[in-house]
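Q: Can we go through this one together? I'd like to start with how the strands pair up.

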2 protein chains.
Amino acid sequence: METLILTAADLRGVVTEVGLDRLMDELIERLENALLERTATLEVPARDGFSYHSPEPGLLEWMPCHDVLGRVTCKFVGYHPRNPEARGLPTILSTIGCWDATSGHLRVIADGTLLTALRTGAASAIATRLLAREGAVTLGLVGCGAQAVSQLHGLSRVVELRRVLIHDIDPRAASSFAHRVAPLGLHLRPEVVPLDELVREADVISTQTTVEVDHGPVFPDRNLRPWVHVNAVGSDFPGKTEVPVTLLDRALICPDFRAQAIREGECQQVAAERIGPSLADLVCAREKMAHARAEPTVFDSTGWALEDDVALELVLSHAKALGIGARVEIEWASEDPRDPYAGLPPRGTAVEAKQRALDIAPRAASGM
Amino acid sequence: METLILTAADLRGVVTEVGLDRLMDELIERLENALLERTATLEVPARDGFSYHSPEPGLLEWMPCHDVLGRVTCKFVGYHPRNPEARGLPTILSTIGCWDATSGHLRVIADGTLLTALRTGAASAIATRLLAREGAVTLGLVGCGAQAVSQLHGLSRVVELRRVLIHDIDPRAASSFAHRVAPLGLHLRPEVVPLDELVREADVISTQTTVEVDHGPVFPDRNLRPWVHVNAVGSDFPGKTEVPVTLLDRALICPDFRAQAIREGECQQVAAERIGPSLADLVCAREKMAHARAEPTVFDSTGWALEDDVALELVLSHAKALGIGARVEIEWASEDPRDPYAGLPPRGTAVEAKQRALDIAPRAASGM
């Protein structure tokens, strides 16, 4: 009963062999197919988690997803904004497991950090392809951390970008961005611009910030393009929002996962009747929604466990084909499923006797 | 940023070196201390999970536990009653992870199957030591599967047992029990008896069955000892109960975790005002509760995440001292926490070019 451990080095091997662009393209395609075909066999509760202010402010959430065909995937995702400065670690650090829902066996444990970045980029790519104006060429990125890299990557696969305008309240994050996206080979240089210029020029805006609760929005509703499409990626907690409410009031709002978006996404800011079709609805009814391209639109991306499930299965299929990953036996299972102690040395053997000689007195005698 | 993988073989190494009895004694002591001292710094939501009837009936639950000092433990536990016959696997199969609540880093992944058996036995031992009649000597076990082994083990460490009466509706489970508990070295032989005899003779009864929803109770309220203490271990799902309601109506009922017991334990069967102190309350007020030893008492054991946390930390402390366990890097973390793609080969390298030559046409061009 083996568990596949996909280490960071294994994952690096997969990405290196497959190539970042091919992986993103496949992820976009698989995710779109899953949105079309798999939502009927899925059970996805809104995520739950612990939030705390000590020892440092943070959030640790679990995002489970049950496919009735016999699989449970659960991502654990930490959000610790002090990670980069204090520990040199990503703000979003994550691990993901996949269990066999026939036996309860843990099939896989793997990194969820890169998968989160990739699938968040892929989801925005799908929303943007459906909702952005035809001929959109200018992307604005508000917040230039790790998620901005994969936003640009995902969007670059579906939009013929001519300009990328970037802004971050941390000048270091903005100034290092061009270097970080160099591997994408985009043949354009991201331009650090004032926020006013970004919102005035961008056809598509993606927001991925660590704005604190009640400190949004992260850009003004001023001189926006009439057709602007926004991917609102950062809001993921009650009170944390990035998009101006006046824009939401006139935009088509498309949540990834409606119940969760109402609790912790941009949908917190509007009445229920203002919320439009979900991303899955949109994929299924794309023709009917074509008019939306000319209007302001907001993809409210809080993160959906289906996306993680699809990303994990994609990476696993490549790992399997490439023979990458180690298998270990983690679960305790003896030859007799009713005997948890099978094969253990009986009391009275040398080991046990030695231990007893070393023991402090037990709190109660064990009888005869 | 390493994760400790404690394999089944590693765990076997720990148990072999430490000894089963010492491990159980230490677990009982640590759990009792945790009930006394740690509940104030704990955040334990009632467990959640998926239940299903296809492909086979089962349940996969997660049991998270946050210690505000900076640790999150989460056990995944599957309950699949067809596992023993269909797959030679335990009904309860489980894995457990522990995360650093400062950074979101996965510290440990380990088996939860043996830990579940051990900690469930330890919890019953603590309840029995507090609630059973002084001088109790006869134990009755209803249900002789894997959990019965560790129930007997735990109880044998706190009660001077003279007789162990056992019953199972599956004769194979009953007849193989003596062999399975031989490693405990108890110097008594479990006696397979009719259920009526078991309930008439036992000072302490533990129930650990796979009774189906709405098919309880698993023993009759007939000629029970006036001082009988019951450890009700099996009920862990809405509608699944093991104890006769007439006994609950006159007994002191002690839940491990009140909110969960009301939803899925024996406490489902009684009004809220009939529910007595929790196990933690009992440990803190043991003198005041001494009168209960002469009365019927029921420990409603649904399983509490604190127990798993304590069991994991005990095993980890021994593994560390013994130098057991392998460390691997699972999480994707590059030198630059803002650069998820750091160190990956840039587009246009040989690997990427080769891949592109093999690719199907991408669904959208990437621009310049």
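Q: What is the bridge partner of B:Leu165 in strand 10 of chain B?
A: The partner is B:Glu191. This is a predicted model, where local features need pLDDT of at least 70, side-chain atom pairs count only at pLDDT 80 or more, and totals for chains, interfaces and linings use all residues. Residues are numbered from 1 along each chain as its sequence is written, and chains are lettered from A in the order in which they are written.

Q: How many bridges join strand 9 to strand 10 in chain B?
A: Two, and the strands run parallel. Strands (E, at least two residues) are DSSP runs, as are helices (H or I, at least four), numbered from the N terminus. Two strands pair if DSSP finds at least two bridges between them.

Q: And how many between strand 8 and strand 9 of chain B?
A: Five, again with parallel strands. B:Val142 stands opposite B:His167 in strand 9 of chain B.

Q: What does the chain pass through from strand 8 to strand 9 of chain B?
A: Helix 5 (residues 146-156) of chain B, in a right-handed β-α-β crossover. Right-handed means that, with the strands pointing away from the viewer, the path from the first strand over the helix to the second runs clockwise.

Q: Why is strand 9 of chain B largely enclosed?
A: Because four of its five residues are buried (20 or more other C-beta atoms within 10 Å of the residue's own, with C-beta atoms placed from the backbone).

Q: Now chain A. What is the strand order in the open sheet?
A: The order is 10-9-8-11-12-14-13, seven strands with parallel pairing. Strand 10 and strand 13 of chain A are the edge strands, each pairing on one side only.

Definitions and conventions: A residue is buried if 20 or more other C-beta atoms lie within 10 Å of its own, exposed if 12 or fewer, and partly exposed in between; C-beta atoms are placed from the backbone.
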